[in-house]
Amino acid sequence: MEIAQTLPEPKPKFFSLTLPELTEAIKSLGKPGFRGQQLYRWIYGMGMQDFEKMTNFSKEFRKEVPGMFDFQLPEVLTVHKSVDGTMKMLFNVGTGKSVEAVLIPSPGRLTICLSSEVGCNMGCKFCYTGKQKLQRKLETWEIVGQFVQASRALPPGQRITNIVFMGMGEPLDNCDAVFKSIEILHSTWGLNVSRKRVTVSTSGIVPMIPRVTQAGVRLAVSLNGVNDQVRTEIMPINKRWPLEQLLEACREHCRETGDMVTFEYVLLKGVTDSIQDARDLHELTRTVPCKVNIIPFNEHPGSGFTRPPEKAIVAFQNELIRLGTHVLRRRTMGRDIYAACGQLTTAANKTTPPVVSLN
Ligand code: SAH
Ligand code: SF4
């Protein structure tokens, strides 16, 4: 093809380009820059996959555009649907590895939980992903691609409304790709996901928290321990950035944005679930504008931890309510398909058959 000879090889990945980058790339090929906006609108906004149907393009441009960029998306290996409506998609990321995205329906919203890395180096003791050391960081197109592929798998008319970076990996260990993905997903010419509907969850990489502030998105912090001793035991990152530094970074985020932080708190039987822990959690978090999400531990083989009995979970939550903490219990979704928090692993899950297999 003629045009391909004039293009740089390898071709730029379309799903890694922000709109200004796409516009520049198109201009450098001697085409008008506004074609970038049009492409964003067709591909992201309208979900169009057929270039021939992009009616406001000239015939010539319709023919040229597939050769201009690499439109590769992460390959969908399987789609599992839970009895509660949660959908888990498994993506091939090469060399026998895979990552997962989870779609979680709730009244009035449809949230996607995105992965940012293959494995994770933070080594939290209770986390299934953490058992698998970091294999590699995902590229922008692989993060954006999870969203695009999930959108394409939805019935017509359904749209993803919220994004949480709570899948596999530590998003603040892969800032460049994560924040670029957010820019792309946010573009008003494309998917138009509002910044306030995006939440980045971190185990506490303190120096990177200002990136969340600058991006204008919401911050969630996995607290999980009420003092440095317990937290360091279950989350080694606490040695590097202990609680007081972490909380100060959260306060700074709140001061700058006027937002609240969400603290995630995993309830581990005999480790983090006592009434005294609830009181200490209240004391710790009252210095930060926040809400607390308690997450009863999702069990997985060989973790060495157990989920507290229902009575203890309720008592813990009630103590926080009594003290005036804004607390919510995270509903456990998708447990039957291993899609719940901390159950995501790069090993293909063979425990449940796929209800939809796209290959
Ligand atoms: N790496 C980021 C985001 C992914 S983990 C982070 O740690 O914040 C998403 C959430 O799942 C975290 O709050 C983590 O504490 C929690 N989690 C991990 N393993 C879990 C498990 N087995 N049961 C319940 N929650 C878990
Ligand atoms: Fe990584 Fe988050 Fe799991 Fe910790 S909880 S190992 S940071 S994915």
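Helix α5 (residues 140–153) lies across β1, β2 (87–92), β3 (98–106), β4 (109–113) and β7 (162–165). Its direction is at about 130° to β2. Helix α12 (residues 310–323) lies across β10 (261–267), β11 (290–296) and β12, at about 160° to β12. Helices (H or I, at least four residues) and strands (E, at least two) are DSSP runs numbered from the N terminus. Axes are lines fitted to C-alpha atoms, for helices over the stretch in contact (heavy atoms within 4.5 Å). Angles run from 0 to 180 degrees between N-to-C directions.

The model is predicted: local features need pLDDT of at least 70, side-chain atom pairs count only at pLDDT 80 or more, and totals for chains, interfaces and linings use all residues. Residues are numbered from 1 along each chain as its sequence is written, chains are lettered from A and ligands numbered from 1 in the order written, and side-chain values use heavy atoms, without hydrogens and water.

The 10 strands form an open sheet of mixed pairing, in the order β1-β2-β3-β4-β7-β8-β9-β10-β11-β12. Pairing requires at least two DSSP bridges between two strands. β1 (75–81) and β12 (327–329) are at the edges; each has a single partner strand, so one side of each lacks a neighbour in the sheet. The twist averages 20° from one strand to the next. β8 (residues 198–202) and β9 (residues 218–222) pair in the parallel sense over four bridges. Thr199 is opposite Arg218 in β9.

The chain averages a pLDDT (the predictor's confidence in each residue, from 0 to 100) of 91. At least 70 is reached by 90% of the residues. Over residues 1–5, pLDDT stays under 50.
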